Structures are given as C-alpha cells and as structure tokens.
Amino acid sequence: MEIKSRGVKLMPSKDMNQKTSVFSCFFNFTSPSGIVLSPNYPEEYGSSLHCVWLIIAKPESRIHLAFNDFDVEPQFDFLAVKDGGTAESPTLGTFSGNQLPSSLTSSGHVARLEFQTDHSTEKRGFNITFTTFRHNECPDPGVPVNGKRFGDSLQLGSSVSFLCDEGFIRTHGSETITCVLKEGNVVWDNAVLRCEAPCGGHLTSPNGMILSPGWPGFYKDSLNCAWVIEAQPGYPIKITFDRFKTEVNYDTLEVRDGKSYSSPLIGVYDGTQVPQFLISTSNFLYLLFTTDKSHSDVGFQIHYETVKLQSDHCLDPGIPVNGLRYGNDFYVGALVTFGCDPGYTLSDSEALECEPNFQWSRPLPSCEALCGGYIQGSSGTVLSPGFPDFYPNNLNCTWIIEASHGKGVFFTFHTFHLESGHDYLLITENGSFSQPLKQLTGSHLPAPFSAGLFGNFSAQMRFISDFSISYEGFNITFS
Ligand SMILES: [Ca+2]
Ligand SMILES: [Ca+2]
Ligand SMILES: [Ca+2]
C-alpha cells in the first residue's frame, strides 16, 4: 500500500504556475432524487479537478440538497452550490473543510454544483442526497437516525411526526413539523427531530432500555452518567445485558442495589465480562457509567423490567460469569451453590438460601481469575487476571503450583499474548525468579515444557505487567 504524507505540503506555495492540466468532468441528473458523490468517493478525489453536476428537476419543482458526508482540503479545494444552471447563477453556498454543511434548497428547478481542487492534498470528498419537490411542497425531511417517521404528505399545510426509538430521547428539533408558508417560501416550521442515547436519567416506566451515549456508535470519553430505575414499591428490577463491551480497566459500569451512589454495590463491570442478568432486592437500581479520557468501544444495550415477586418461591438468582450453579429449586428453604470454570475462583462459597420473605440470603458470588495463589492437584489451570479480557497494568502476581504426582510440572499454553518486552511471565521450579527457567513475553504461543523432572513436585509462576498497554494474557494448564 502506498504511504501518503498527509498534511504536509511538498510545494513551497500553492498558487504555483505548475504545468498540471486540469481534469474536467460533467454530470447531469434529471431523476427526481439521487446521490452526488465526489470522484472516487470515499477514496481521495484527485487533484486539479474541475467538476460540475447539474441537477435539472421538472419545471415548477425545487431541489433540496442534504449533506451526508463532507471532507475536502480546507482553503484549497472547494464545493460551490449555485441556485441555477450557469456558473454565473447566484451562489447558495461555498464549502471547504470537514464541517458538515446544513441542507440547501434551490429557488428554481435547476441547481449546479461545482467542485474545484488544487494540485495537492486530497480528502474523502462528499456524499450529497438530492430530492426534488413541487413549489407548494416542503422538501422530504427524511427519517431521523434512531427514530421513526409518521406521515408522507409534504404538501403545504400537512404535518409529519417523528418518534425516537426505545432508549433514545429527543435532543434537537421537534416531534411534529408542519409545512408552512414563511416569507414567501414553503418550508417546515421546525427542525427535524434528532434522537440520541442520553447520559443518565430517572426511569420510571415498567420496562425500557438503557444505552451507552453514542449508541449504536462508540461512546464518548470523559463520561459520568448515572441512571436510576424506579419501580413501584415491592417490585424488584431485573436488568438484562443484551450487549456489553467497554475499555477494560478504564471504562466501567457500576450497578448498585438502591437509589443512590451510597447504595450497596452489586458489581462493577468493564470489558466484556457481565452476567446475563441482575435483579435488585429493592425497587430501585442505580447505574453509573464512567469513562476515562481516551479509547472507547461500543458500550452497552441493557434492558430493564420490573418483576413481580412470587408468593411461593424466590426469583432465579442467575449464574456468575465464568461459572455454574448447582440447584434449580427456588422454593423457601432451598439452597443453591455455585462453582467456577477451571482457573477461576469463587468470591463466596457459602450457599444462597431462599428465605421466607422470598429473597435470597446473600448476593450472587462472582468467578474471578485472581492475581496469584496456591494451586494444588494432579492438573489445573492458571489464567492471567481478568482473563479473557485484557489484564490490568502494574501487576506482580505469583502462583505456587504443586503437582501431586511429583513427576515435574508439565505446562501447556492455550492462549498467550503479553506486551512484548514490557510484560513478562516468569516460570521457575526452585523458588527463585532471579534466574527463571522461562522468561516469556510477546504473542508467540510457547511450546509445552516441563518444570523439573521426576521427583519435583512444584513450580512457581510470576506475572509482571508495567504501567501501560495490555492484552489477553494467558491461559495455561499444567499436569
Ligand atoms: Ca487539494
Ligand atoms: Ca476509555
Ligand atoms: Ca504492559
């Protein structure tokens, strides 16, 4: 692939008497609607262009231009829109740079777009939708992103309404717009609705959706968004994670069992590790989403609903992430216990009991890949903290592994990805890490090997990560 030098001018001056020939192009549209694209869009448009697009609607019609994308070299490349068919027609606007221009409307049935570029530096260009409409009609307002539209008539006097999709709220424009005559022009009396996922809110409907701000795109940096879900007294709230992905360690969603920041913590979630669902004990649930100053991801889509307490049993307590549940009876007096997938440790091994008030006696435990520990058995699994999400920075974890068979500890690597040259996994069999048997880093999956021979029962592992950049870490079994 060709590497382009961007933003760097190779010539000392722009108004040069260079011997480049100008490339002309001409396009002609007579259809009632269409799309105008810059040459090669969305690839770079080319230098020394002079392109003209003529849009010719039926007589008694007007033309509406809506900019979907716009990126041309500021100051040197231009798009001019003329209110008529000739170069001398009045200019509706001249555009340069990467600010998306507002929509334009011609006064007659012909519009002319002229695009001129200089000899260097090319950008993506533009993507413009045009529609035509009659003199006593308003231009097609389109359908708002994340919303719906009701009504098709664009005639003078008629109205069109909009509604945001579930989880989005109106941030701009109006829910109903009417085509009116204003200062001799036929125009909409209000701006079209804009729907966005809000940063926080107080939600009182019996069910709904919580989306990270920016959804379905990436969320923004430096967010601090709090939602309080309130159900009727006596009704707990269930939230279900339909989608969840945030920057590990830095962008977190905190869930609390109550109405405020001081209510008991249910969990703090980041990366992709969320339970399938959570249920509050009170009729409030508090969610706080905080993001740091860099790197974002798709965020989350969470459904909430108020649930009815059953009068003869407890509600499904759920299953921890990376874990499993023993016991499927939820009647009063029933006990359920939990286990974890290999390599994970249960935060609380006490059983949950369904109490006479139809509430569980303790919160759902979690399964975590811990920083270090003592692992004994004929075989086992060692995971980097947070696995399968990226490991935290500034780790110094030591595991002691004791294989009951005494034939050396044989390691097999299933996943291995550390920051090369900065984060290390050290393995030894004599208790000292000053001259370890193995010092591993990078993303190359190490071959299986044995720490010690017959007569050796134990091996030690140490994982060290520095202050920045992390990856999936490791999933290693021993036998
Ligand atoms: Ca240019
Ligand atoms: Ca971030
Ligand atoms: Ca690192």
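Predicted model: local features only at pLDDT ≥ 70, side-chain atom pairs only at ≥ 80, totals over all residues.
Which residues does Leu287 touch, not counting residues up to four places away in sequence?

Residues are numbered from 1 along each chain as its sequence is written, while chains are lettered from A and ligands numbered from 1 in the order in which they are written.

The mean pLDDT (the predictor's confidence in each residue, from 0 to 100) is 89 for the chain, with 96% of residues at 70 or more. Residues 1-19 stay under 50.

Back to our question. Leu287 touches Ile210, Ala226, Trp227, Leu253 and Val255, where touching means C-beta atoms, placed from the backbone, within 7 Å. Leu287 and Leu285 have the most contacts inside the largest nonpolar core, which has 30 residues. Such a core is a set of buried Ala, Val, Leu, Ile, Met, Phe, Trp, Tyr and Cys residues joined through C-beta atoms within 7 Å, buried meaning 20 or more other C-beta atoms within 10 Å. Strand S23, residues 284-290, gives the largest share, four residues; strands here are DSSP runs of E, at least two residues, numbered from the N terminus. A second, separate core of 27 residues includes Phe463 and Ile476.

Now, a sheet. Strands S25, S26 and S28 form an open antiparallel one, in that order, with pairing needing at least two DSSP bridges. S25 and S28 each have a single partner strand, so one side of each lacks a neighbour in the sheet. Val336 has Leu352 in S28 as its bridge partner. Thanks, everyone!

Terms used
Contact = placed C-beta atoms within 7 Å. Buried ≥ 20, exposed ≤ 12 C-beta atoms within 10 Å, placed from the backbone.
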